[in-house]
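Work through the exercises below with the sequence and coordinates at hand. Each task is followed by a solution in steps.

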Amino acid sequence: MLLKKLERDSTLGPLDAFESVGVACFIKMTTAPRDLFLFCVLAAFGSGCTTGTASTVPVSQSSTGVPALTDTVFLSSDVWQTTPIGLFELYGVGGSSTPTRLTFCTNCQALSATPSLDRNRVALRRVVADTNRDGKLDEFDTTSLILVDLARKIEGPFLPDGWTTSSADWSSDGTFLIHTSSPNGGAEDLYQIDANAQNNSALIATPTVRERNGRVDTAISRIVYERIDGTGVGKAEIWIWLSSTNQVKITDGGTVGAALANSYYLVGSDANPDYSPDGTNIVFRRLTSNAVNRGAWDIMTVPGVGGAAKVLVSGSQYRSAPDWSKDGIVFAEGNLTTGGIDVVVVDPTTGGRRVIQSLGRGYSAISPRWINGISK
């Protein structure tokens, strides 16, 4: 089991509310007392060490807000601007008609956030520079994985400089994250890292295959992820990680078509899987057309052991990566009437749907995650 691996590698527990965030010196609890470890973590405010490698990005203060008490979903959106410009900040939505802005970063892209057990601490994927010089800040640039304490207004890096991360997900007990990353800009592999940024280790190492968008089940026994053979654009499939020597394909995708602009996906790709709260089913999205902006995607489900996939939501509209909790399946969906985007929750049993947030014409939204995320 994944938890067994964690226990074998380190006996260190998660950071508590009195410790620094996102950084830790390379000391194992098996060889150093906890007081020394705490001293090292606090000292990291100045030194900024992470996963045993000194980082050039120190722990720092940041401008942040906290979710409103009634907010239910994290969301990345450009709704902070008076006109849409495609630069995303992190928001809390679902509590009122006005989204709660949570991050304030000039010329940055907040691409996604995964919540810890504390709704005020998130693992945030952020782009701060146009590293590929194409005039945009997006998934093709170096994307940093940072731990942000929204309430304490402080942040620090999980990984050393140069790493780029396409997804992250916290374990249900809050002790570690799994992430899909690359240390050098190549194809992403699947990794596990402690919640204090120690013991970063590869679960899959395949230099000619992309592993992306991994999610760990509540029982901490399996990881579902998308796999693209090759290092460029391809057809994504849904796979399950059971161990480093045992991975199982769950879906074959749809009929292969043309590439979707500004993505790694061919039409027919299955992407962005997530487990149901009880782990028996998986939700994902399938790219059905590249004829609309950011692609038309169906929301689908499949048994966790594989089998026939079922369409839950269909139609020629953009739909974001879905997220599944006891409150339903949430995703962002293009509104064909308003030209804006809605944050939608669907009941996976009845198919009933409700809109918890609507954004105006031209605005974008990606990566909704339930704020109660890892508790499911």
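The exercises go from the whole chain to single residues.

The model is predicted: local features need pLDDT of at least 70, side-chain atom pairs count only at pLDDT 80 or more, and totals for chains, interfaces and linings use all residues. Residues are numbered from 1 along each chain as its sequence is written, and side-chain values use heavy atoms, with hydrogens and water left out.

**Exercise 1. Describe the protein as a whole: secondary structure, burial, contacts and surface.**

Step 1. Assign helices (H or I, at least four residues) and strands (E, at least two) as DSSP runs, numbered from the N terminus. The protein has two helices and 27 strands.

Step 2. Classify residues by relative accessible area: buried is under 20%, exposed is over 50%, and partly exposed is in between (1.4 Å probe, protein chains only). Of the 376 residues in the protein, 57% are buried.

Step 3. Count contacts, meaning heavy atoms within 4.5 Å. Taking contacts between residues at least 6 apart in sequence, 46% join residues at least 24 apart.

Step 4. Compute the accessible area by the Shrake-Rupley method with a 1.4 Å probe; for residues, only the protein chains shown count as cover. The protein exposes about 14700 Å², and carbon and sulfur atoms supply 55% of that area.

**Exercise 2. Which cysteines form a disulfide?**

Step 1. Apply the criterion, a pair of cysteine sulfur atoms within 2.5 Å. The count comes to one disulfide.

Step 2. Identify the pair: the sulfur atoms of Cys105 and Cys108 are 1.8 Å apart. Cys108 counts as buried because its relative accessibility is 6%.

**Exercise 3. Give the strand order of the open sheet formed by four strands.**

Step 1. Pair two strands if DSSP finds at least two bridges between them. The order is E11-E12-E13-E14, with antiparallel pairing.

Step 2. Find the edges: strand E11 (164-170) and strand E14 (201-204) each pair on one side only. The twist averages 30° from one strand to the next, where axes are lines fitted to C-alpha atoms, for helices over the stretch in contact, and angles run from 0 to 180 degrees between N-to-C directions.

Step 3. Look inside the sheet: strand E12 (residues 176-182) and strand E13 (residues 189-194) run antiparallel and are joined by six bridges. His179 has Tyr191 in E13 as its bridge partner.

**Exercise 4. Is Val209 buried or exposed, and which residues does Val209 contact?**

Step 1. Locate Val209 in strand E15 (residues 209-216). Val209 is buried, because its relative accessibility is 9%.

Step 2. Leave aside neighbours within four places in sequence: Val209 is then in contact with Ala187, Glu188, Asp189, Arg227, Ile228, Asp229 and Gly230. Arg227 is 18 residues from Val209 along the chain, and their C-alpha atoms are separated by 7.1 Å.
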